[in-house]
Amino acid sequence: MGIEKYTSMKQQAHRVDPFKERLRESLQRETLNSRSVRIARHANVYTCGDQDEMVYYIESGQIKLLMLSPEGKECLLAIHSAGDIFGELILSGLDSRRETATAMEETILKKIPCSQFLARLEHDSLLEGFVRYLAVRIADQQQVIANLVTVDSEQRLGKTLLQLARTVGERDQQSTRIELKISHDELSEMVGTTRPRISLFMKRFRNLGLIETNLDRFLVINEKKLADYIALRAAGHVSPRRSDSFNPVQLLDKGSLPN
């Protein structure tokens with residue numbers, strides 16, 4: 001991912017954030033008197049093929065969306081946390097779910113019927129913002145598909161970490177903290193490679209100072225360094241075999257980052 005494209009994605013995400021805050025406030029009002037549903041860790045909210053007409057709002061916890069190949073291999077599509085919605089693809093008129101939604105930890109949800117959800121968006125003048133929100137989600141998924149075809153697994157992991165930092169991270173002056181509990185197995189499902197390779201790449205990223213784990217055991221991403229490293233890898237300025245001793249700052253100081 002080039003620096004210009006990464007910056008553009010960051011700016012795009014920031015435009016969506018105010019809408020997400022308005023959406024959360026709207027859905028909190030809509031579901032104020034609705035019964036909460038508690039989902040146990042590893043339990044499914046729904047599975048592929050289920051039929052329901054609900055959009056789900058997360059009050060607390062984490063949900064992952066998975067698709068299965070005919071061979072039974074899992075592909076992790078997205079991770080959602082408190083304040084997020086999921087299951088909105090049912091608004092397209094699909095007759096059944098195309099993915100499985102699973103709780104990564106104990107999660108509390110509110111169910112909102114599709115008709116009620118759309119009525120709330122219209123009442124609070126959120127329809128236009130919701131279209132933009134969905135367009136960003138589609139763009140993100142298209143980027144994931146492109147990455148699977150065009151870049152190697154190390155770069156895909158780096159881009160996945162940047163995507164997580166952009167969408168669910170808590171930012172400070174120099175880095176971004178990801179408080180979601182994401183295992184190496186789940187990262188392998190997102191990236192499309194094996195768990196041992198994820199562990200190898202994560203160790204390499206740590207050695208390079210691109211990521212670290214803080215005292216609370218949260219993953220901390222140095223977004224600029226990681227984005228620079230991915231750009232240099234994509235341009236062929238560093239190969240995987242010598243990247244353990246590679247210092248991206250040295251190359252950047254020499255002006256070798258491609259335009």
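## Aromatic pairs in a predicted model

At 1% relative accessibility, Tyr-229 counts as buried, a term for residues under 20% relative accessible area, with exposed set at over 50% and partly exposed in between (1.4 Å probe, protein chains only). This is a predicted model, in which local features need pLDDT of at least 70 and side-chain atom pairs count only at pLDDT 80 or more, while totals for chains, interfaces and linings use all residues. Residues are numbered from 1 along each chain as its sequence is written, and side-chain values use heavy atoms, with hydrogens and water left out.

Phe-205 is likewise buried, at 0% relative accessibility. The rings of Phe-205 and Tyr-229 form an edge-to-face pair, where rings of Phe, Tyr and Trp (its six-membered ring) pair if their centres lie within 6.5 Å, and planes under 30 degrees apart count as stacked, over 60 as edge-to-face and the rest as tilted. This pair links distant parts of the chain, with Phe-205 in helix H6 (residues 195-207) and Tyr-229 in helix H7 (residues 223-234), 24 residues apart; helices are DSSP runs (H or I, at least four residues), numbered from the N terminus.

The structure holds seven aromatic pairs, among them the two tabulated here.

| Pair | Centre distance | Plane angle | Class |
|---|---|---|---|
| Phe-19 and Tyr-133 | 5.9 Å | 40 degrees | tilted |
| Phe-205 and Tyr-229 | 5.9 Å | 75 degrees | edge-to-face |

The tilted pair of Phe-19 and Tyr-133 joins helix H1 (residues 3-30) to helix H3 (residues 127-150) across 114 residues. Phe-19 is buried, with a relative accessible area of 8%, and Tyr-133 is buried with a value of 8%. Ring pairs also connect Phe-19, Phe-117, Phe-130 and Tyr-133 into a cluster.

Terms used. Helices (H or I, at least four residues) and strands (E, at least two) are DSSP runs, numbered from the N terminus.
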